[in-house]
Amino acid sequence: MNIQEVLKGALALNGEDKKYSVAVEDDEIITTVKWMDAVFFAPDSVTDEVRQFKFIAKLNDNNTWLEIDESKSVKKCAGMGGLSMNYSSFKGKEISFNKTIGIGKNREDGSVGIIKIEFNSEEYKKPVSEYLASCGYKKTNKGFFASLFGK
């Protein structure tokens with residue numbers, strides 16, 4: 001398979017039953033998941049939190065691929081101490097596990113009450129990694145900065 005066929009085939013990883021979406025841009029397969037979109041209630045504050053994870057597999061001409069992870073988080077809080085907003089982002093390679101339990105509203109499924117949200121970045125990397133392996137691609141062992149800056 002050539003790169004264009006592999007990229008086109010990656011779109012078959014999408015499905016209505018999936019928590020993530022797979023897109024193709026240039027020579028990259030991009031998996032995106034908004035894994036937290038919730039409002040948490042505490043006795044003295046209300047916190048609105050949105051977190052997103054993106055896994056990028058950049059294909060090379062020699063049947064290898066580079067891995068880049070991106071994560072973004074926006075947290076807004078209103079309470080007795082005033083208002084605050086935090087934004088953070090990360091780009092590089094990561095393995096991320098998170099378990100959040102709180103009282104509030106989960107905007108993803110509309111549930112209200114005790115909210116349990118779990119996230120494991122490896123769960124979202126696995127379908128693309130397995131697909132690329134089945135197409136004969138191997139993950140390259142290029143260094144961190146080379147993959148981050150596309151060198």
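Lys34 is partly exposed at 40%.

A word on the model itself. It is a predicted one, so local features need pLDDT of at least 70 and side-chain atom pairs count only at pLDDT 80 or more, while totals for chains, interfaces and linings use all residues. Residues are numbered from 1 along each chain as its sequence is written, and side-chain values use heavy atoms, with hydrogens and water left out.

Altogether the structure holds 12 salt bridges. In another of them, the side chains of Lys58 and Asp27 come to 2.8 Å, N to O. Lys58 sits in strand 3 and Asp27 in the loop between strand 1 (21-25) and strand 2, so this pair ties together parts that are 31 residues apart in sequence. Helices (H or I, at least four residues) and strands (E, at least two) are DSSP runs, numbered from the N terminus. Both partners are partly exposed, Lys58 at 23% and Asp27 at 24%.

Helix 2 brings in a further pair. Glu122 bridges to Lys125, the closest N and O atoms being 3.3 Å apart, and both residues lie in this helix (residues 121-134), 3 residues apart, or about one turn. An α-helix has 3.6 residues a turn, so residues three or four places apart point the same way. Glu122 is partly exposed at 31%, whereas Lys125 is buried at 4%. The two also belong to a network of salt bridges that links them with Glu67, Asp69 and Lys139.

As for helix 2 as a whole, its 14 residues reach 21 Å from first C-alpha to last, close to the 20 Å expected at 1.5 Å a residue (the expected span is 1.5 Å times one less than the number of residues). There is a kink of about 25° centred on Pro127, the bend at a residue being the angle between axes fitted to the seven residues ending there and the seven starting there. Pro127 is one of the buried residues of the helix, along with Ser121, Tyr124, Lys125, Val128, Tyr131 and Leu132.

On a 1 Å grid over the protein atoms alone, a cavity is a set of points where a 1.4 Å probe fits but cannot get out, and a pocket is an open set with protein on both sides within 12 Å along at least five of seven lines; lining residues have an atom within 4 Å of a point. Grid points are joined across faces, edges and corners, and a volume is the space filled by probe spheres set on the points.

The largest pocket has a volume of about 250 Å³. Its lining includes Lys34 and Tyr124, as well as Lys19, Trp35 and Glu118. Strand 2 (28-42) and strand 7 (112-120) each supply at least two lining residues.

A search of the whole structure turns up 1 cavity of 30 Å³ or more. Gln52, Phe53, Lys54, Glu70, Ser71 and Lys72 line the largest cavity, with strand 3 (45-59) and strand 4 (64-79) each giving two or more of these residues.

Technical notes. Salt bridge = Lys/Arg side-chain N within 4 Å of Asp/Glu carboxyl O. Buried < 20%, exposed > 50% of the residue type's maximum accessible area, 1.4 Å probe, protein only.
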